[in-house]
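Hello,

Here is the structure I promised to pass on to you. Please have a look at it first, and then read my notes below.

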Amino acid sequence: MTYWRAAGLNYIQYSNIAARTLRRALKTEFRADAEKREESFIRITPWKDGKPIKTSSPSSSA
Amino acid sequence: MASLMKSSRMAARLVTSATRVARRGYADQMDFTLASGNKVFYTNQNVKQVSSRMAARLVTSATRLARRGYADQMDFTLASGNKVFYTNQNVKQVDVPSFSGAFGILPNHVPTLAILKPGVITVYETEGVSQKIFVSSGTITVNDDSSVQIIAEEAHPVDSLDASAARDVLSKAQSELSSASSETAKAEAQIAVEVAEALVAAAS
């Protein structure tokens, strides 16, 4: 068993860390574009009686 | 996995020697060699039959391939979250780093599944033309029909790597490792150190 598996990590988590590390080591011109893919946005729209109430501004999550 | 690879390599050798014999027209003869790290069991001895599930499958797939005429062809696909590098392109050879060791894939390779280790994939497109691509992680699939798929989370040509940025990442990861308190944080930092070491080696 690998040390990271022993510590309770799975391959998805391993892969995430490896991908992030690779992005950090890119030449500047490629890095900005690559790091954009690390962020994801969620837009939440609550509905009541069949109608949307309000739309919250997108919140960033890592 | 390592012992599986070893046995499959041996099985591949068996297939090769069987094919050669068949070509010579010695249809009823088989030069059989069985060797391991500790002992040589047979050396070019004529035997009736050798059975192992892996060998049987190999023979079947080799026959099928030969019939289709794909013997020297390999449909290679390499894609990552950021880019598609190859789509069913015929290439000569692909060298990949995996958790079960680095290995080269030629046309007619044994069907294999493996997990990518952070490192450099070398694709030999045609005679003298090769491309080096750094992959973070992902999977390798070698199919029965000689097609190969590599799916990576992040992949970039080695030329896109910055040597000094890689060294920065490495030293940062090392300091994170030494200051990590929990078991998980330590493992996460250790992964980053490993990847960064591969990056430094590839970029320099």
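**Salt bridges and the interface**

Over all chains, a search of the whole structure turns up 6 salt bridges. Please keep in mind as you read that this is a predicted model.

Let me start with the pair that I would look at first. Arg23(A) and Glu154(B) form a salt bridge through their side chains, with N to O at 2.5 Å. Arg23(A) sits in helix H2 of chain A, while Glu154(B) sits in the loop between strand S11 (147–152) and strand S12 (155–157) of chain B, so this pair joins two chains. Are the two partners buried or exposed? Both Arg23(A) and Glu154(B) are buried. For Glu154(B) the relative accessibility is 1%, and it counts as buried because the cut-off is under 20%.

Leaving out residues up to four places away in sequence, Glu154(B) touches residues of chain A, including Ala19(A), Leu22(A) and Ala34(A). On the chain B side, the residues that Glu154(B) touches include Ser80(B), Asn82(B) and Phe134(B), along with Val135(B) and Ser136(B).

Two other salt bridges are found within chain A. In one of them, the side chains of Arg24(A) and Glu35(A) meet at 3.0 Å, N to O. This pair links distant parts of the chain: Arg24(A) belongs to helix H2 of chain A and Glu35(A) to helix H3 of chain A, and they are 11 residues apart. Arg24(A) counts as partly exposed, at 28% relative accessibility, and Glu35(A) is also partly exposed, at 27%.

The other one is between Asp33(A) and Lys36(A), whose closest N and O atoms are 3.8 Å apart. Asp33(A) and Lys36(A) are separated by about one helical turn, because they are 3 residues apart in helix H3 of chain A. Lys36(A) is exposed, with a relative accessible area of 60%. There is also a network here: salt bridges that share partners connect Arg23(A), Arg24(A), Glu35(A), Arg37(A), Glu38(A) and Glu154(B).

**Where the two chains meet**

Now for the interface as a whole. How many residues of each chain are in contact with the other chain? On the chain A side there are 22, and they are in contact with 33 residues of chain B. Between them, the two chains bury about 2300 Å², and 67% of that is on carbon and sulfur atoms. In chain A, the residues that lose the most area to chain B are Tyr3(A), Tyr11(A) and Leu22(A), which together account for 25% of what that side buries.

The count of salt bridges between chain A and chain B is 2. Across the same interface, 11 residue pairs are in polar contact, both residues being at pLDDT 80 or more. The side of chain A that touches chain B draws at least two residues from each of helix H1 (3–6), helix H2 (11–24) and helix H3 (28–36). H2(A) gives the largest share of that side, 11 residues. Sorted by class, the side of chain A that touches chain B has 14 nonpolar, 3 polar and 5 charged residues.

**Chain A by itself**

Chain A has 3 helices and 4 strands, and along the sequence they follow the pattern α-α-α-β-β-β-β. Of the 62 residues in chain A, 24% are buried. Among contacts in chain A between residues at least 6 apart in sequence, 3% join residues at least 24 apart. The accessible surface of chain A is about 4500 Å², with 54% of it belonging to carbon and sulfur atoms.

**A serine in chain B**

One more residue to look up is Ser98(B), in the loop between strand S5 (93–96) and strand S6 (103–105) of chain B. Ser98(B) is buried, at a relative accessible area of 3%. What does its side chain reach at 3.0 Å? It is the backbone nitrogen of Ser100(B). A polar atom of the Ser98(B) side chain also lies 2.8 Å from the backbone oxygen of Gly101(B). Beyond its neighbours within four places in sequence, Ser98(B) is in contact with Phe103(B), Ala114(B), Ile115(B), Leu116(B), Lys117(B) and Ile140(B).

Notes. Residues numbered from 1 in each chain as written. Chains lettered and ligands numbered in written order. Predicted model: local features only at pLDDT ≥ 70, side-chain atom pairs only at ≥ 80, totals over all residues. Heavy atoms only, no water. Contact = heavy atoms within 4.5 Å. Buried area = accessible area lost by both parts, 1.4 Å probe. Salt bridge = Lys/Arg side-chain N within 4 Å of Asp/Glu carboxyl O. Polar contact = N/O pair within 3.5 Å; in protein donor to acceptor, adjacent residues only side chain to side chain. Nonpolar A, V, L, I, M, F, W, Y, C, P; charged D, E, K, R; others polar. Buried < 20%, exposed > 50% of the residue type's maximum accessible area, 1.4 Å probe, protein only. Areas by Shrake-Rupley, 256 points an atom, 1.4 Å probe, with all protein chains shown as cover.
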